[in-house]
Amino acid sequence: MTVIKINAITVPEGIGSEVASRFAARAGAVDGTEGFEGFELWQPEDGRNQWLVVTRWRDDASFEEWRSSGQAAHAHKPVEGATEKPLNLSAELWHYTVSVTSKEKD
Ligand code: HEM
């Protein structure tokens, strides 16, 4: 059963586009990880400053393995040749699982 791990990142005013381009540059960095089903970066539209990295995993164990094995650290390393410094953003990890689903019929 898919689990959702949301990293809620606090992004100070004015650096949203820099954060988005850093994510875009690493978008494929988690592909191929056992149990990884995909992620999106969600940008707030209501004046909040928390951007959400919504990640989907086959199960908790796959996510924990990614975090603890050094693969997560690898995905967070600057890309080859980059001169950028870490933005030192603060973040909060939320764990979710689907409770009820509903889908519109085609
Ligand atoms: C739920 C899983 C994730 C966790 C727990 C996590 C953790 C974090 C944390 C704590 C930060 C802020 C501190 C820092 O800059 O290192 C961060 C920033 C960032 N994360 Fe993640 N992350 C997750 C998923 C991802 C994914 C899937 C990607 C894309 C491949 C990604 C790419 C980035 C990037 C580009 C930044 C900005 C780093 C910078 O240049 O300052 N993260 N992440």
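Tutor: We go from the whole chain to the sheet, then to one residue and the ligand. Keep in mind that this is a predicted model.

Student: What does the secondary structure of the protein chain come to?

Tutor: Begin with the inventory, then read the order. The protein chain has three helices and four strands. Along the sequence they follow the pattern β-α-β-β-α-α-β.

Student: What does the C-alpha trace span along its principal axes?

Tutor: The span is about 45 × 35 × 25 Å. The chain has 106 residues, and buried residues make up 8% of them.

Student: What share of the contacts with a separation of 6 or more comes from residues 24 or more positions apart?

Tutor: That share is 68% in the protein chain.

Student: In what order do the strands of the sheet lie?

Tutor: Order in a sheet is read from the pairing of strands. Here four strands form an open sheet in the order β2-β3-β1-β4, and the pairing is antiparallel. β2 (36-42) and β4 are the edge strands, each pairing on one side only. On average, neighbouring strands of this sheet are turned by 20° against each other, with direction ignored.

Student: Which helix packs on the sheet, and which strands does it touch?

Tutor: Helix α2, residues 60-68, packs there and touches β1, β2 and β3. The direction of α2 makes about 45° with that of β1.

Student: How many bridges join β2 to β3?

Tutor: Six bridges join these antiparallel strands. For single positions, look at which residues face each other across the pair. L41 stands opposite V53 in β3, and E40 stands opposite V54 in β3.

Student: How many bridges are there between β1 and β3?

Tutor: β1 and β3 pair over eight bridges, in the antiparallel sense. K5 has T55 in β3 as its bridge partner, while V3 stands opposite W57, also in β3.

Student: And how many bridges join β1 to β4?

Tutor: Eight bridges join β1 to β4, and these two strands run antiparallel.

Student: Now a single residue. Is A8 buried, exposed or partly exposed, and why?

Tutor: Count the neighbours around the residue. A residue is buried if 20 or more other C-beta atoms lie within 10 Å of its own, and exposed if 12 or fewer do. A8 has 16 other C-beta atoms within 10 Å, so A8 is partly exposed. A8 lies in strand β1.

Student: Which residues is A8 in contact with, leaving aside its neighbours within four places in sequence?

Tutor: Those contacts are Q50, L52, A91, E92 and W94. A8 and V53 are 45 residues apart in sequence, yet their C-alpha atoms are 6.3 Å apart in space.

Student: How many residues surround the ligand, and which are the closest?

Tutor: To read a ligand site, list the shell, then its sources and classes. The ligand is surrounded by 19 residues, with N7, R22, R26, L87 and A91 the closest.

Student: Which elements each supply at least two residues of that shell around the ligand?

Tutor: They are β1 (3-10), α1 (16-25), β3 (50-57) and β4 (90-97).

Student: How does the shell around the ligand divide by class?

Tutor: The shell has 13 nonpolar residues, three polar and three charged.

How values were computed:
Residues are numbered from 1 along each chain as its sequence is written. This is a predicted model: local features need pLDDT of at least 70, side-chain atom pairs count only at pLDDT 80 or more; totals for chains, interfaces and linings use all residues. A residue is near a molecule or strand if its C-beta atom, placed from the backbone, lies within 6 Å of it. Ala, Val, Leu, Ile, Met, Phe, Trp, Tyr, Cys and Pro count as nonpolar, Asp, Glu, Lys and Arg as charged, and the others, Gly among them, as polar. Two strands pair if DSSP finds at least two bridges between them. Axes are lines fitted to C-alpha atoms, for helices over the stretch in contact, and angles run from 0 to 180 degrees between N-to-C directions. Two residues are in contact if their C-beta atoms, placed from the backbone, lie within 7 Å.
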